[in-house]
Amino acid sequence: MVIRPNGFALWENMKQALDKMFSETGHENAYFPLFIPKSFLSKEAQHVEGFAKECAVVTHSRLKSVDNGVEVDPASRLEEELIVRPTSETIIWDSYRGWIQSYRDLPILINQWANVVRWEMRTRLFLRTMEFLWQEGHTAHATRDEAVGETLQMLDVYRTFAEDYMAMPVITGVKTESERFAGAVDTYCIEAIMQDGKALQAGTSHFLGQNFARAFDVKFQDEDGEHKYVWASSWGVSTRLVGGLIMTHSDDQGLVIPPRLAPVQVVIVPIYRNDEQRQAVLDYASLVYRELKDAGVAVKLDDRDNYKPGWKFAQHEAEGIPLRIAIGPRDVENNNLELARRDTLTKDIVGRENISDRITILLETIQRELLAAARERSARQTSSVKNYEEFQNKIDSGGFIYAHWDGTAETEEKIKEETKATIRCIPLEGGKPGKCMVTGKPSEQKVLFARSY
RNA sequence: CGGGGCGUGGCGCAGCUCGGUAGCGCGCAUCGUUCGGGACGAUGAGGUCGCAGGUUCAAAUCCUGUCGCCCCGACCA
């Protein structure tokens, strides 16, 4: 996987915002090994089954030269194969065993930023790559309640991040058994609807119960003197979020990056015809640049002399820079500048006075309006149906559909077979009881369906 | 693994049916004019047509094999 500088800067901004939220909720970063002994994977039955089909396996440690190049040295075969981590529960819980003896050692609240590998049959740019970058939180607790609380807390961190930073509205819910993380008791998720009407699972938070504690024999002695298995959660978001961001906001001119995550929030494009104008315009532009920089705005002065303004405009729009300032001789003369918004593609001539205040406010406005616009689109793409016929008619046009379901895997599978739609989640917001659209059996609440990525 | 498609200058493609001097657009280089929404002109550099065989006087073009990539399906953050 290659991530070029522009994309990486965006990811770094996402990381920074998430890290801050993790830290505010008491978490610390750590790092665990890339390679996992094969035997670790087999310790939790569900977990192996879930990941067995998509593992990169290291079998040898050496190459040797042969006539036409190099080949794997058969003599270097490993005694035990190593798995390139598809996720780190196993290797982390193997460590936790040594860290935990007493309830006083709990909770352990750790996050890891890492790459993971899942040998996918078919990849899809940003959404399903063989290698991806992510963060995975792995926590250990003395009680069930505390672990569940952690799981839900982190789900809420993800919801907040998606909405407040990415301006991507999400539905929070719990997965059905068939969509659950391998090894989890409950998988909670944030689900977003993309502009094309397909759903994207944007983040997951798992309540792992005592499954990994049992598998890795991680016990602690409680206040009451009893030895007990530790309760766990794990949670993660990945570079898939970059794909989600793109598919939520972009238009025909290119990317639209929300100001709070944009590596460059404001770009200044000077316009001139000759050296004399160039000097005057650049002097003026530098003042504006300085003022914005001092106000903490991520601003860039695009003084490249080998591209014309029109070219730069188009390029910055394609890259999704939230605001553009154009400055030409006219503006220098009138103490003005031209402000263009990426999200609405509108332009205004404004005075230079208080420009940093004006822009700081405008960036916040854009951030807010992007979320509002995405919410509106999302609402337009969300509907609720009474019966299966209505469901089948609607599903082809995409979007989220709320419908009653009897809670069985059979019905879920039948719907998937017939419509390619899956249950994205059972929304936490709840709902009224009713009857399953397929079988007519009782349903506690409507669940969220969609075709998904 | 099943079904489709594609490999021709850096990128995107035409040429292949019907074998006969490798072409177009973009990009790149130099110079000049341009510069408030992806400029224009002139000149120029750059390809043994994925690879290996075969047919032929002659192969990008026909035949055989092979490698690679993309799309659709089964797997999934």
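Ground rule before anything else: I call two residues in contact if their C-beta atoms, placed from the backbone, lie within 7 Å. This is a predicted model, where local features need pLDDT of at least 70 and side-chain atom pairs count only at pLDDT 80 or more, while totals for chains, interfaces and linings use all residues. Residues are numbered from 1 along each chain as its sequence is written, with chains lettered from A and ligands numbered from 1 in the order in which they are written.

**Entry 1: helix 1 and helix 5**

I looked up who meets whom here. A17, L18 and M21 of helix 1 are in contact with V157, F161 and Y165 of helix 5. The contact residues divide into 6 nonpolar, no polar and no charged. My classes: Ala, Val, Leu, Ile, Met, Phe, Trp, Tyr, Cys and Pro are nonpolar, Asp, Glu, Lys and Arg are charged, and the others, Gly among them, are polar. The helices themselves (H or I, at least four residues) and the strands (E, at least two) are DSSP runs, numbered from the N terminus.

Next, the geometry. The axes of helix 1 and helix 5 (residues 144–165) come within 11 Å and cross at roughly 140 degrees. Axes are lines fitted to C-alpha atoms, for helices over the stretch in contact, with angles from 0 to 180 degrees between N-to-C directions. The pair is therefore oblique; under 35 degrees would be roughly parallel, over 145 roughly antiparallel, 65 to 115 roughly perpendicular, and the rest is oblique.

**Entry 2: helix 8 and helix 11**

Helix 8 (residues 275–294) packs against helix 11 (residues 355–380) at about 55 degrees, axes 9 Å apart. That pair is therefore oblique too, and its crossing is right-handed. V288, E291 and L292 from helix 8 meet I355, S356 and I359 from helix 11. By class I note 4 nonpolar, 1 polar and 1 charged.

**Entry 3: helix 7**

Is helix 7 enclosed or open? With 9 of its 10 residues buried, helix 7 (residues 240–249) is largely enclosed by the rest of the structure. For burial I use 20 or more other C-beta atoms within 10 Å of a residue's own C-beta (12 or fewer is exposed, in between is partly exposed; C-beta atoms are placed from the backbone). The buried set includes R240, L245 and H249. Among the elements covering it are helix 1 (5–24), strand 14 (231–238) and helix 11.

**Entry 4: D94**

I found D94 in helix 4 (residues 89–99). D94 is buried, with 22 other C-beta atoms within 10 Å. Leaving out residues up to four places away in sequence, D94 touches F40 and F216.

**Entry 5: around RNA strand B**

I count 34 residues around RNA strand B, the closest being Q201, G310, A314, G328 and R330. A residue is near the strand if its C-beta atom, placed from the backbone, lies within 6 Å of it. Which element gives the most? Helix 9 does, with 8 residues. The surface near RNA strand B has 13 nonpolar, 7 polar and 14 charged residues.

**Entry 6: chain A overall**

Chain A comes to 13 helices and 25 strands. Its C-alpha trace spans about 80 × 65 × 55 Å along the principal axes. Of its 453 residues, 40% count as buried.

Terms used: Left-handed = near helix turned anticlockwise from the far one by under 90°.
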